[in-house]
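Please look at the sequence and the structure first.

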Amino acid sequence: MNPYGRFDDANREYVITRPDTPLPWFNYLGCEEFFGIISNTGGGYCFYRDAKMRRLMRYRYNNCPLDSNGRYLYVKDGNSIWNQTWKPTRTKLDSYECRHGMGYSTITGAKDGVEVSIRYFVPIGQTTEVWDVRVRNTGKTKKNISLFGFLEWCLWDAMDDQTNFQRNYSIGQVEIEDGAIFHVTEYRERRNHFGYFSVIGEKPAGFDTSRDKFVGSVHGGLDAPAVVVNGKCTNSVAFGWQPVGVHQIDLNLAPGEEKRFHFLLGYAENDEKSKFAKSADAGSAKAGVVNKSPYHKVAKQFESSKAVDAEFAKLKDHWTDLLSVYSVKIDDPHVSRMVNIWNQYQCMTTLNMSRSASGYESGIGRGMGYRDSNQDLLGVVHLQPERSRQRILDLAATQLSDGICYHQYQPLTKKGNTAAGSNFNDDPLWLPLAVAAYINETGDAKILNEKIGYADKDNKDGATLMDHLELSIAYTLKHRGPHGLPLIGHADWNDCLNLNCFSSTPGESFQLAGDVDGPQARIAESVMIAGLFCAACEKMAEIYHQVGREADAAAVLKNGESMRLVVNQHGWDGEWFLRAYDAKGKKIGSHENAEGKIFIESQGWGVLGGIGLTDGKAQKALDSTNKLLATSNGIILQQPPYATYHLELGEISSYPPGYKENAGIFTHNNTWIQIAETMLGNGDRAFEYYMSICPSGKEQQIDTYRAEPYVYSQMTAGRDAPTPGEAKNSWLTGTASWSLVSITQFILGVRPGPKGLIVDPCVPKSWKGYSVTRKFRGKTYQIDVKNPAGVSKGVKKLIVDGKPVAGNSIPFDLGGKTVAVSVELG
Ligand code: GLC
Ligand code: GLC
């Protein structure tokens with residue numbers, strides 16, 4: 001049992017029943033432009049579009065205690081002060097519950113006959129957070145209490161906010177108008193946006209905007225703020241230092257009485273002409289007063305709880321709609337809740353956030369990764385086809401005219417990030433995978449004609465998406481090493497296998513050190529990229545078929561075939577696929593090595609690339625993986641770990657054994673092995689692997705696992721680590737999209753193909769059956785799968801609307817709006 005919480009599948013919520021979870025357990029608010037992260041104790045922050053440049057709330061990453069600062073409400077009841085979120089006072093509560101749902105969290109706490117419940121969400125189409133507060137007197141006597149809503153403003157640029165104190169301590173500014181607090185730092189000069197924090201439905205009895213006044217002095221803390229202890233706001237106006245927003249609300253509650261009100265915490269913009277209030281005359285007292293009309297509009301719209309309810313209902317409907325595109329009925333609770341709820345939800349989060357803002361990603365670091373975002377698309381093309389289309393075009397636009405891509409780009413400017421550079425030689429090959437998935441889903445082959453141009457050329461109406469795809473394939477063909485395998489560049493999917501870097505300067509980026517254009521760098525080769533290339537060729541052929549270019553399809557398939565021959569000759573170690581050749585041409589991932597004898601990535605992509613399917617190599621590679629890398633917590637990245645730093649290998653050997661890329665369980669690549677197993681028909685193994693990293697399955701060992709049991713984490717410590725089985729870096733990981741692909745498309749086996757909907761399950765032999773509802777190209781397929789013979793794979797009968805169909809693909813034109821499909825395995 002998990003002592004910290006449980007799934008409430010019917011409500012699509014995870015219910016946390018104790019605030020002192022092993023790590024902060026987060027959720028996300030927002031689905032379009034305004035987002036927030038929120039932990040089970042109210043920690044976190046929100047931002048408008050870009051977590052680095054437009055951050056509203058100050059959060060202190062890496063603070064002690066962890067997860068410091070957030071959306072707090074203090075209760076002052078006589079001498080006792082507490083938070084319904086438990087933190088920051090950490091006063092013991094009589095009861096506590098946090099419900100993380102789809103785009104909202106509800107945190108409820110009670111003490112001494114007062115119950116406070118707050119639901120936090122971002123209404124669709126708004127740039128505001130609503131904190132919908134209910135306070136109830138559950139006791140038998142009257143209660144006179146004071147509440148204090150609190151947040152601390154971030155001075156917009158989160159990086160500068162945490163580093164540039166000589167400036168920041170002098171620039172903070174607020175305005176207070178009719179009890180609403182406005183954060184207006186830098187508005188007087190070049191900004192035209194401001195933040196607001198207000199109470200609707202109760203008249204505040206006071207406010208504070210100076211943090212020092214709120215906590216008492218610079219030595220005070222949020223655990224016992226002077227204002228709350230004294231029960232009275234000081235109406236402070238912040239000048240510089242740390243501006244906060246605090247509202248005091250005094251309530252008298254009869255026994256059984258409930259009061260409801262809400263806070264609005266939001267972001268507003270004015271255009272340049274109407275930046276300041278109309279009445280502003282230079283030199284007058286009103287000069288420089290912010291024009292608050294955008295806020296007043298929102299406040300008006302949300303003046304009643306009815307509006308809050310209506311907006312919340314819309315948010316719920318939004319998720320019901322999204323999650324109805326693919327759903328499964330199955331008597332396995334893990335598969336059911338991951339597929340129907342949490343895995344899809346996490347995929348949407350990676351689409352929105354890429355790798356920017358989480359409990360582990362500070363929102364100031366990376367831009368959008370080229371390979372990451374292409375892979376993220378695999379899990380969302382069915383949910384968000386239009387946004388996926390745009391994302392594909394944005395990504396392709398960061399490809400350079402020689403075929404390589406900017407490794408990252410900035411979401412606000414959509415420009416390649418020169419600091420991270422290029423020459424990660426796997427990058428281009430993820431594009432054909434994403435585009436094929438998008439076209440198979442939507443049928444929109446017109447996207448191929450979109451004119452995009454290259455990032456280094458001023459020819460915006462030049463190259464089309466098809467040109468980009470062809471160039472991606474050509475890039476690999478052109479950049480091959482002595483064995484004919486693809487050159488690795490700075491790194492392939494494994495960012496830490498840096499075979500051309502030779503970094504000996506502390507702190508320098510492993511990925512960017514080393515000259516990948518020099519002659520020496522034309523030696524290190526990647527078997528993983530070779531496998532990915534073969535798979536990309538298959539996808540390219542699918543794309544060519546869509547537009548009737550059969551000769552080109554045949555040609556690209558031939559390219560894949562030749563690469564398979566090269567891998568057979570130079571990429572096979574006898575029992576498994578080699579991983580790479582280093583810059584001296586020495587093998588990596590071979591039985592000849594003392595450490596790093598076998599790696600997971602080349603086993604996965606070797607098989608996904610169709611290498612060794614007929615001569616037993618594929619099966620052997622997977623058997624070796626099972627024997628040497630598989631554990632009950634997932635499949636380890638490589639074995640044995642590197643005990644010391646290797647100049648010629650780079651960052652992989654920088655990590656202590658068992659963590660991250662040095663023999664950690666990097667869950668992302670586990671999914672490739674799952675899919676590979678389904679290709680060979682090993683349903684039992686595929687599902688065993690699926691379960692070994694399934695977060696919902698970790699509730700039984702949660703004190704070891706520690707991370708959220710409702711979403712995937714990037715990494716679980718491997719058996720060589722001092723803390724095996726411990727997860728880190730939850731939420732923003734490519735594991736989300738690939739796990740969804742693995743379970744829905746390859747294990748449950750329902751996936752769009754170029755000619756129709758494919759139904760090709762590969763399941764444990766013990767599964768009796770399940771049914772999938774799939775909305776696809778305007779039709780709803782009700783697919784009922786039965787497994788009377790207890791097999792793993794093989795469609796014996798496929799009946800579509802009563803008529804038998806040969807094979808395992810349902811042609812597009814078969815059936816009406818609702819299509820009844822029955823499948824018998826055997
Ligand atoms: C991180 C990166 C991803 C990389 C992986 C393995 O998740 O975001 O791009 O493939 O690590 O190194
Ligand atoms: C580090 C991490 C890796 C990640 C990379 C992103 O190398 O180990 O997982 O992909 O940083 O830059």
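How many disulfides does the structure hold? The structure holds 0 disulfides, a disulfide being a pair of cysteine sulfur atoms within 2.5 Å.

This is a predicted model, in which local features need pLDDT of at least 70, side-chain atom pairs count only at pLDDT 80 or more, and totals for chains, interfaces and linings use all residues. Residues are numbered from 1 along each chain as its sequence is written, chains are lettered from A and ligands numbered from 1 in the order in which they are written, and side-chain values use heavy atoms, with hydrogens and water left out.

**Cysteines**

- The sulfur of Cys501 is 10 Å from the closest cysteine sulfur, that of Cys496, so the two are too far apart for a bond.
- Cys501 is buried at 5% relative accessible area, whereas Cys64 is exposed at 73% (buried means under 20% relative accessible area, exposed over 50%, partly exposed in between, with a 1.4 Å probe and protein chains only).

**Ligand 1**

- Oxygen atoms of ligand 1 lie 2.7 Å from a side-chain N or O atom of Arg371, 3.0 Å from a polar backbone atom of Asp495 and 2.6 Å from a polar side-chain atom of Glu661.
- The protein buries 95% of the 310 Å² that ligand 1 exposes when taken alone (Shrake-Rupley method, 1.4 Å probe; for residues, only the protein chains shown count as cover).

**Ligand 2**

- The residues around ligand 2 are Arg366, Asp495, Cys496, Gln511, Glu651, Tyr655, Lys660, Glu661, Phe666 and Gln714.
- By class, 5 of these residues are charged, 3 nonpolar and 2 polar.
- Oxygen atoms of ligand 2 lie 2.8 Å from a polar side-chain atom of Glu651, 2.5 Å from a side-chain N or O atom of Tyr655 and 3.2 Å from a polar side-chain atom of Lys660.
- Of the 310 Å² of accessible area that ligand 2 has on its own, the protein covers 78%.

- In helix α14 (residues 600–608), 9 of 9 residues are buried (helices are DSSP runs of H or I, at least four residues, and strands are E runs of at least two, numbered from the N terminus).
- Ser739 belongs to helix α19 (residues 735–747) and is buried, at 0% relative accessible area.
- The side chains of Ser739 and Tyr712 make a polar contact at 3.5 Å (a pair of N or O atoms within 3.5 Å; within protein, one must be able to donate a hydrogen and the other to accept it, and residues adjacent in sequence count only if both atoms are side-chain atoms).
- Beyond neighbours within four places in sequence, Ser739 is in contact with Asn343, Thr671, Tyr690, Ile693 and Tyr712, contact meaning heavy atoms within 4.5 Å.

**Backbone geometry**

- Most residues other than glycine have a negative phi, and most peptide bonds are trans.
- The Cys64 to Pro65 peptide bond is cis, with omega near 0°, and Pro65 sits in the loop between β6 (55–57) and β7 (72–77).
- The Gln639 to Pro640 bond is also cis, with omega near -20°; Pro640 is in the loop between β29 (638–639) and β30 (665–666).
- Asp112 has a positive phi near 50° and is partly exposed at 40%.
- Trp731, in the loop between β32 (727–730) and α19, has a positive phi near 80° and is buried at 1%.

Methods: A residue is near a molecule or strand if one of its heavy atoms lies within 4 Å of it. Ala, Val, Leu, Ile, Met, Phe, Trp, Tyr, Cys and Pro count as nonpolar, Asp, Glu, Lys and Arg as charged, and the others, Gly among them, as polar.
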